[in-house]
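Please read them alongside the coordinates.

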Amino acid sequence: ATEACRRAANGRAFLDRVARETGLGISIISGREEAELALESCTPFLASRDRRTRALLFDIGGGSTEIAWVGIDGTTPRLISFVSAPVGVVTLAEQYGASIHTPLGYEAMVAQVRDHLRDFEAIHCIGREIARDNVRLLGTSGTVTTLAGLALGLERYSRVAVDGLVLGADRAEAALDLLRSLDLAGLRAHPCVGRDRADYVMPGCAIFDAIRRTWPADAVTVADRGLRDGMLLRMIRDAGIPHHGPPRPLSTRSRRPGSGQTPGALQT
């Protein structure tokens, strides 16, 4: 359990009830562990292959957005620092309502998210490192995979095509422009968005835009993986089982674009 249960006044009572009625013992993980699991899942993309020694990893969630400042000057990426910003696609959608589909509402969301990033930037001077071309930007969430699908012009979402894609700033901007030009009906009809994500894609875009404006890297590596993959890799490692290469999806069946869920897969 992540941000919803961390913030809810009855979060602990809710999980106690889940345990009584289902027998499932669910832990509330910290923001740091959430960032560490995202980093674990994306480590294959951060193996040091060039002179860059830093990475900025972001994971846009429903109730929070995790930002991880990562050192990649060794064989294993290390978490230098992180911030768990209390803004996600669901919290912003609930806060702004129908205005998420207006230019004024969109810019208000971007400004709110940037407010949460300023202190992190002031402490770590990430913008200065980006200006030196010393930072890889890496994004994992339904938002960035949706933008990647749009940039590739996919008629149907493909994890193979998206996972690991390096999305240039111009292509990312074009995908954002396309989404901002659509109303709610247009978003629902678009094959890379659909009805399930239409209410949340614009808040996600606003969070991505805030990150991009705060830290204007020339490209972002798109990762179709996250906490679930990180947990699996951690269990594999802790069990002493050799593992090579990035994790595969849990199911080969079709997946809703950017949904973060694979139909038929085990859900927690």
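Predicted model: local features only at pLDDT ≥ 70, side-chain atom pairs only at ≥ 80, totals over all residues.

The points below go from the overall fold to one helix pair, then to the cysteines.

1. Overall make-up. The protein has 12 helices and 6 strands. It runs to 268 residues, and 48% of them count as buried.

2. Contact range. Take the contacts between residues at least 6 apart in sequence. Of these, 68% join residues at least 24 apart.

3. Helix pair, geometry. Look at helix α5 (residues 103-124) and helix α11 (residues 201-214). Their axes come within 8 Å and cross at roughly 50°. An angle between 35 and 65 degrees falls in the oblique class, so α5 and α11 are oblique to each other. The crossing of α5 past α11 is right-handed.

4. Helix pair, contact residues. On the α5 side, the contact is made by Y106, E107, M109, V110, V113, R114 and L117. On the α11 side, it is made by M202, P203, C205, A206, I207, D209, A210, I211, R213 and T214. By class, this contact has 12 nonpolar, 4 charged and 1 polar residues.

5. Disulfides. How many disulfides does a search of the whole structure find? The search returns 0. A disulfide would be a covalent bond between the sulfur atoms of two cysteines.

6. Cysteine burial. Are C5 and C42 buried or exposed? The cut-off for buried is under 20% relative accessible area. C5 has 14%, so C5 is buried. C42 has 0%, so C42 is buried too.

Definitions and conventions. Residues numbered from 1 in each chain as written. Heavy atoms only, no water. Axes fitted to C-alpha atoms, helices over the stretch in contact; angles between N-to-C directions. Helix = DSSP H or I, 4+ residues; strand = E, 2+ residues; numbered from the N terminus. Parallel < 35°, antiparallel > 145°, perpendicular 65-115°, else oblique. Left-handed = near helix turned anticlockwise from the far one by under 90°. Contact = heavy atoms within 4.5 Å. Nonpolar A, V, L, I, M, F, W, Y, C, P; charged D, E, K, R; others polar. Disulfide = S-S within 2.5 Å. Buried < 20%, exposed > 50% of the residue type's maximum accessible area, 1.4 Å probe, protein only.
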